[in-house]
Amino acid sequence: MHEARDALKSVMSQCVDALFERLGIEVEAILNKYMAKVNWQSDKLNSSNINEWVSKLKEFLDMILKDKIKYLPEQYRDSAYFITMAKIKQYIVMLFTSGAEMSSAASVVKKWTVVAMYNFNMDIINLEEYCRSTRIPDLHRIFDSLKQLLTLLLSGKDIVQYLDDDIKMQKYPIVETQHVRAMLEKYKPLGFMNRLPKHINNLESKTVKFMLKNLPEMY
């Protein structure tokens, strides 16, 4: 009896592992395809509020996680969501921080504007709302470090507050300095003919230069 039960558990575990692996492959394929369409140097707000990669991911996750594997034990379904969201965050951080060694990848962020990053921030907010809709406790918290980084990059002249250790620990405790430097090195200011909407803070080139000069080197 015990041997049969253990064998069944082993088969179940192997099936779930295979499912998670396949899920990761499919998610990465969607990200590779649709992240390449994101215009990181845009000077226009998205009329649809979100980029296509978010809607495609949500459609896929609804089809797989809500419909096809909804009969799995709850802990396995929750794990599938956590693994998927962690994969998405890891992928985005790679796009943000990769340098010349990844320059051949179409979706890697080579240069970015404040408008494009505002659009992308809306994507992450939408994804957080999707996480909350699953009712899985703390699922949305996976994106906390990414949200803090985006908030910092969109803070305009107040970005210099990051250099104050007390403010950094209060507002950006889980932002990695090397990620801030990597992103600021890729910053592209808007042309002088472009006018920012009032609700978006401008990030001036002189502020970026000041930050790069004063950020501690991370090895």
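This is a predicted model: local features need pLDDT of at least 70, side-chain atom pairs count only at pLDDT 80 or more; totals for chains, interfaces and linings use all residues.
Q: How many aromatic pairs does the rule give?
A: The count comes to six aromatic pairs.

Q: Why is the pair of W40 and F96 called edge-to-face?
A: The ring centres of W40 and F96 are 5.9 Å apart, with 80° between the planes.

Q: What parts does the pair of W40 and F96 tie together?
A: W40 lies in the loop between α1 (2–35) and α2 (52–68), while F96 belongs to helix α3 (residues 74–97), so the pair ties together parts that are 56 residues apart in sequence.

Q: How do you know whether W40 and F96 are buried or exposed?
A: Relative accessibility is 6% for W40 and 1% for F96. Buried means under 20%, so both residues count as buried.

Q: What makes the pair of W53 and F120 stacked?
A: W53 and F120 are 5.6 Å apart centre to centre, and the angle between their planes is 20°. Planes under 30 degrees apart count as stacked, and therefore this pair is stacked.

Q: Which helices does the pair of W53 and F120 link?
A: W53 sits in helix α2 and F120 in helix α4 (residues 114–133). The two residues are 67 residues apart, and the pair links distant parts of the chain.

Q: Why is W53 called buried, and F120 likewise?
A: W53 has 0% relative accessibility, and F120 has 0% as well. Both values are under 20%, so W53 and F120 count as buried.

Q: Which residues form one aromatic cluster with W40?
A: W53, F96 and F120 form one aromatic cluster with W40.

Notes
Residues are numbered from 1 along each chain as its sequence is written. Side-chain values use heavy atoms; hydrogens and water are left out. Rings of Phe, Tyr and Trp (its six-membered ring) pair if their centres lie within 6.5 Å; planes under 30 degrees apart count as stacked, over 60 as edge-to-face and the rest as tilted. Helices (H or I, at least four residues) and strands (E, at least two) are DSSP runs, numbered from the N terminus. Buried means under 20% relative accessible area, exposed over 50%, partly exposed in between (1.4 Å probe, protein chains only).
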